[in-house]
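Subject: Structure for your review

Dear colleague,

Please find below the structure that I am handing over to you. My notes on what was found in it follow directly after.

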Amino acid sequence: MSIVKNPKLHTITYSSGRIKNLGADYEVLNIRGSVFINQEVKLKEISTNGFSSFSSHVEANLLKNSGFCTINGNCQVKEIINAGTLKILHAKINDLTSSGKLTIEKSLSADNLHIKGIIRAFTIQTKHLHLKLSGVSKIDRLNTEELNIDICRKSISLFKKKLICQYIKGKKLNVSNTEAEIIEGNIVMIGKNCKVHTLYYKEDYSIAPNAIVQHVIRRK
């Protein structure tokens, strides 16, 4: 195990090992190798680069990941910046920006999501989601106020860029490259390369010429 301490900044850096007793006086945790955290952590900032695994509850103002990070407990963080591979069980986030691969095994609750890459999730509840697809993403249930889905044109991918979703619900929805069983919203714009089984709308909707929507139903 390699440890670097910086008492002035209340910062500690680990490059290897299993951590069971992280001092309560530290505010910043840096991981620069293969590290397993086997305790709850409450910090101002967490920065991971390498392989990191958190076995329990994680609470922080900021989490920055550029490696492979797994959080097996609840995650309550104000801001997440992910440029690597991030896997979370449950999460409650204010703002999340991801340019890598993001996996939510059970549930994610957030105010703002900006995702440029790939996401796999069971349920997502958010106010705003902007998703730029670079491969195949899958979300079982998505509930949002405002949604924008398009493709990342600069990325090079061997896979088709699309979102596969069972259920999408929101107020203002603008989707493309999406396959969904049900889309339900106040104002819904179905863009190109979409396949939708049933579209429910309240105020208005539009469907691109090459999109396929089997059923359109107006809600009162």
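I begin with the cysteines. Cysteine 152 has a relative accessible area of 5% and is therefore buried. Please bear in mind throughout that this is a predicted model.

How many disulfides does the structure hold? There are zero. For cysteine 152, the closest cysteine sulfur belongs to cysteine 194 and lies 17 Å away, which is too far for a bond. A disulfide would require the two sulfur atoms to be within 2.5 Å. Cysteine 194 is likewise in no disulfide, since the nearest cysteine sulfur to it, that of cysteine 165, is at 11 Å. Cysteine 194 is also counted as buried, its relative accessibility being 1%.

The next topic is strand pairing. Strand β5 (residues 51–54) is joined to strand β3 (residues 28–37) by four bridges, and the two run parallel. Phenylalanine 51 in β5 is the bridge partner of serine 34. Strand β5 is also joined by four bridges to strand β7 (residues 68–82), again in a parallel arrangement. Here serine 53 stands opposite threonine 70 of β7. As a general point, side chains in a regular strand alternate between the two faces of the sheet.

I turn now to the aromatic rings. The count of aromatic pairs comes to three. One of them is formed by phenylalanine 51 and phenylalanine 68, which are stacked, with 5.7 Å from centre to centre and 15 degrees between the planes. Because phenylalanine 51 lies in strand β5 and phenylalanine 68 in strand β7, this pair ties together parts that are 17 residues apart in sequence. Phenylalanine 51 is partly exposed, with a relative accessible area of 31%, and phenylalanine 68 counts as partly exposed at 36% relative accessibility.

Tyrosine 201 and tyrosine 205 form another aromatic pair, which is tilted: the centres are 4.7 Å apart and the planes make an angle of 50 degrees. Is tyrosine 201 buried or exposed? With 13% relative accessibility, tyrosine 201 counts as buried, whereas tyrosine 205 is partly exposed at a relative accessible area of 33%.

Isoleucine 207 has a relative accessibility of 34% and so counts as partly exposed. Isoleucine 207 lies in strand β13, which covers residues 195–207.

Finally, I draw your attention to leucine 147, found in strand β10 (residues 136–151). At 1% relative accessibility, leucine 147 counts as buried. Which distance separates the C-alpha atoms of leucine 147 and lysine 169? Although these residues are 22 residues apart along the chain, their C-alpha atoms are separated by 9.3 Å.

Yours sincerely

Conventions:
Residues are numbered from 1 along each chain as its sequence is written. This is a predicted model: local features need pLDDT of at least 70, side-chain atom pairs count only at pLDDT 80 or more; totals for chains, interfaces and linings use all residues. Side-chain values use heavy atoms; hydrogens and water are left out. Buried means under 20% relative accessible area, exposed over 50%, partly exposed in between (1.4 Å probe, protein chains only). Two strands pair if DSSP finds at least two bridges between them. Rings of Phe, Tyr and Trp (its six-membered ring) pair if their centres lie within 6.5 Å; planes under 30 degrees apart count as stacked, over 60 as edge-to-face and the rest as tilted.
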